[in-house]
Amino acid sequence: MKEYVFQPLGMERTMYDSVEAMTYPLALAHEKTEHGEWKVQHKFAENVTNYPSFFGMSTLRDMSRFAMMYLNKDILGGKTFLKPETIEEKHKKHYDNYTLNEFGSCLGVFTEENRGLNTLWHSGEISTYKCIYYLIRKETGVHHNGNVGCWLGNN
């Protein structure tokens, strides 16, 4: 991943090595006490059975570079990363959940219609970390990070 995706896209702090990631500034997991106060969890949530497919750790800057490339038909800084037919294949719905909002799975992301817009998204969480990014094709991209306890305004 580093050689074929992260380095070519200039994603300098995206990795699947949590130990290396911890050598950089890193958000810490928090939990609410019984008195409603937030306190830091001093153990990093880790489950090695998920390696190497889980534990992708990144920065907002790096994910923004990925989103710009993704939304610009795999072109970033004038460089094309995939062939047009590969791009179409990765955006195609491969699995349909048969829901009213047209929810289904593409390659590496989920797709659904939301207020007339075709959105692509992916999320992940462990402990009180939760990350989700939405890409609205041909429009804009949104990346949201937050602790589960304050997810989307629920405090």
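Rings of Phe, Tyr and Trp, the last by its six-membered ring, form a pair if their centres lie within 6.5 Å. The exercises below use the predicted model shown above.

**Exercise 1. Aromatic pairs**

Task: State how many aromatic pairs there are by this rule, and classify the pair of phenylalanine 66 and tyrosine 70 as stacked, edge-to-face or tilted.

Solution. 
- Step 1. The count comes to two aromatic pairs.
- Step 2. In the pair of phenylalanine 66 and tyrosine 70, the ring centres are 5.6 Å apart and the planes stand at 50 degrees.
- Step 3. Planes under 30 degrees apart count as stacked, those over 60 as edge-to-face, and the rest as tilted. With its planes at 50 degrees, the pair of phenylalanine 66 and tyrosine 70 is therefore tilted.
- Step 4. Both residues belong to helix α3, where four residues, about one turn of the helix, separate phenylalanine 66 from tyrosine 70. Phenylalanine 66 and tyrosine 70 are both buried.

**Exercise 2. Helix α3**

Task: Compare the reach of helix α3 with its expected span, and find where its buried residues lie around the axis.

Solution. 
- Step 1. Helix α3 covers residues 60-71, which is 12 residues.
- Step 2. From first C-alpha to last, α3 reaches 16 Å, close to the 16 Å expected at 1.5 Å a residue.
- Step 3. The buried residues in α3 are Asp62, Met63, Phe66, Ala67, Met69 and Tyr70.
- Step 4. Viewed down the axis of α3, these residues fall within an arc of 165 degrees, so they line one face of the helix.
- Step 5. After α3 comes lysine 73, which has a positive phi near 55 degrees.

**Exercise 3. A salt bridge**

Task: Say how many salt bridges a search of the whole structure finds, and describe the surroundings of arginine 61 and aspartate 62.

Solution. 
- Step 1. The search finds one salt bridge.
- Step 2. A salt bridge joins the side chains of arginine 61 and aspartate 62, with 3.1 Å from N to O. The cut-off for such a bridge is 4 Å.
- Step 3. Buried means under 20% relative accessible area and exposed means over 50%, with partly exposed in between.
- Step 4. Arginine 61 has 45% relative accessibility, so arginine 61 counts as partly exposed.
- Step 5. Aspartate 62 has a relative accessible area of 2%, so aspartate 62 is buried.

**Exercise 4. Two hairpins**

Task: Follow the chain from strand β6 to strand β7 and on to strand β8, and describe each pairing.

Solution. 
- Step 1. Strands β6 (residues 104-105) and β7 (residues 110-114) pair antiparallel over two bridges. Serine 105 has phenylalanine 110 in β7 as its bridge partner.
- Step 2. β6 and β7 make a hairpin with four residues between them, and glycine 108 in the turn has a positive phi of about 85 degrees.
- Step 3. β7 also runs antiparallel to strand β8 (residues 117-126), joined by five bridges. Asparagine 114 is opposite leucine 117 in β8.
- Step 4. The hairpin of β7 and β8 has two residues between the strands, and arginine 115 in the turn has a positive phi of about 55 degrees.

**Exercise 5. One buried serine**

Solution. 
- Step 1. With a relative accessible area of 2%, serine 18 is buried.

Methods
Residues numbered from 1 in each chain as written. Predicted model: local features only at pLDDT ≥ 70, side-chain atom pairs only at ≥ 80, totals over all residues. Heavy atoms only, no water. Buried < 20%, exposed > 50% of the residue type's maximum accessible area, 1.4 Å probe, protein only. Expected span 1.5 Å × (residues − 1). Arc of directions from axis to C-beta. Pairing = 2+ DSSP bridges.
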